[in-house]
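User: I would like to learn how to read the features of a protein model. Could you guide me through this one?

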Amino acid sequence: MSEPELFGIPLHMLFLYFIVYSFLGWCMETVFCSIRAKKLVPRGFLAGPLCPIYGVGVLMMICFFEPIKKWPVLFFVVAVIVMSAWEYFVSWLLEVTTHVKYWDYSKHKFNLHGRICLQISLTWGILSFAVVYLVHPLISDLVMKVPSNIRLILSAVFAAALLVDLVFTVRRLALIGKLTRELEAAGKKLEKAGERTEATVKKFGEKEEEKHTEHKEEREEMREEHREAREEKKEEKQAEKDGKLARKQAEYDALVERTEQVSRRYLRQYSNLSSRQAQEGMEDVRALHKKKNEERHREKEQKKRSRKKSS
């Protein structure tokens, strides 16, 4: 029985192409981002060295763009439109399902909702041109040189590894989404608690001031004692509210700490990581992540200096 094909290409070959180009895309992004950050920044939301957006993108190029190869200008225009639509869809899907925004082009000119922009879209067109006309013929020849039974075994191994990685990643992203929702709720409660505390203390002070004014003539001689008693009551009320506010703040800080721990790898990979639901909360998470990175950097520098002194 012959193997099923898609656009005249065996399915296992398409899967191997997906793996190869996902890896090459990961390498390209990692090198580019590492150079910009001046440190190693492994990209991709999977644990393994793969960026599926590139793998699927190249499969789309191979399957859909092949018929228009003989018209380079048309090919470039179609590639820009199709690949930009693909990037927009992936960004939207990740944001809707995980409530986290992994890239944001809002600061770039001619962007659409921060998900795509003209500069990146043109880059997609150039990459599509290079892949279909130059890279893929070489990759295809290399893959075809591998015996068919070895290709099938490699496909099975890669599929199993990818499945495990996907399960792990989906669980992690689901947890991050859950934490961002809790962070949003905790932030709102903290804000309301602060407003209630301020309003209650202010109202209490106004009531005490009214009492003091009403009995001012009758108790002129007790004015100082009354003022002190009023201040004590106000301080007690403030302390009570401060205690409740402090508990809310502690709960919020603990949630920020937990979110930072769970999403640390993604914060390291995507410096503009944000949340559609908990924007202020994610800002606190990024600030905490930055603070921890600075502390780890200082510790490393101290250890280096200690080793130099001991040597």
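**Reading the surface and the interior**

Analyst: Let us begin with the surface. In this predicted model, the protein chain exposes about 19800 Å², and carbon and sulfur atoms supply 61% of that area.

User: How many helices and strands are in the protein chain?

Analyst: The protein chain has eight helices and six strands. Their pattern along the sequence is β-β-α-α-α-β-β-β-α-α-α-α-β-α.

User: What percentage of the residues of the protein chain count as buried?

Analyst: A residue is called buried when its relative accessible area is under 20%. Of the 311 residues here, 36% count as buried. As for contacts between residues at least 6 apart in sequence, 72% join residues at least 24 apart.

User: Is M83 buried or exposed?

Analyst: M83 belongs to helix α3, residues 72–98. M83 has a relative accessible area of 0% and is therefore buried.

User: Which residues does M83 touch, beyond those up to four places away in sequence?

Analyst: With those set aside, M83 touches G57, M61, F65, W124 and S128. A distance can also be read for I120, which is 37 residues from M83 along the chain: their C-alpha atoms are separated by 9.9 Å.

User: Which residues gather in a patch of positive charge on the surface?

Analyst: That patch brings together R296, K300, K303, K304, R305, R307, K308 and K309. One of them, K304, is placed in helix α8, residues 279–310.

User: Why does K304 count as partly exposed?

Analyst: The partly exposed class lies between the buried limit of 20% and the exposed limit of 50%. K304 counts as partly exposed because its relative accessibility is 43%.

Conventions
Residues are numbered from 1 along each chain as its sequence is written. This is a predicted model: local features need pLDDT of at least 70, side-chain atom pairs count only at pLDDT 80 or more; totals for chains, interfaces and linings use all residues. Side-chain values use heavy atoms; hydrogens and water are left out. Helices (H or I, at least four residues) and strands (E, at least two) are DSSP runs, numbered from the N terminus. Buried means under 20% relative accessible area, exposed over 50%, partly exposed in between (1.4 Å probe, protein chains only). Contact means heavy atoms within 4.5 Å. Accessible areas come from the Shrake-Rupley method with a 1.4 Å probe; for residues, only the protein chains shown count as cover. Patches are made of residues with over 30% relative accessible area and no salt bridge: like charges are joined within 9 Å, nonpolar side chains (Val, Leu, Ile, Met, Phe, Trp, Tyr) within 5 Å. A salt bridge is a side-chain nitrogen of Lys or Arg within 4 Å of a carboxyl oxygen of Asp or Glu. Lys and Arg count as positive and Asp and Glu as negative; His and the chain ends are not counted. The place of a charge is taken as NZ of Lys, CZ of Arg, CG of Asp or CD of Glu.
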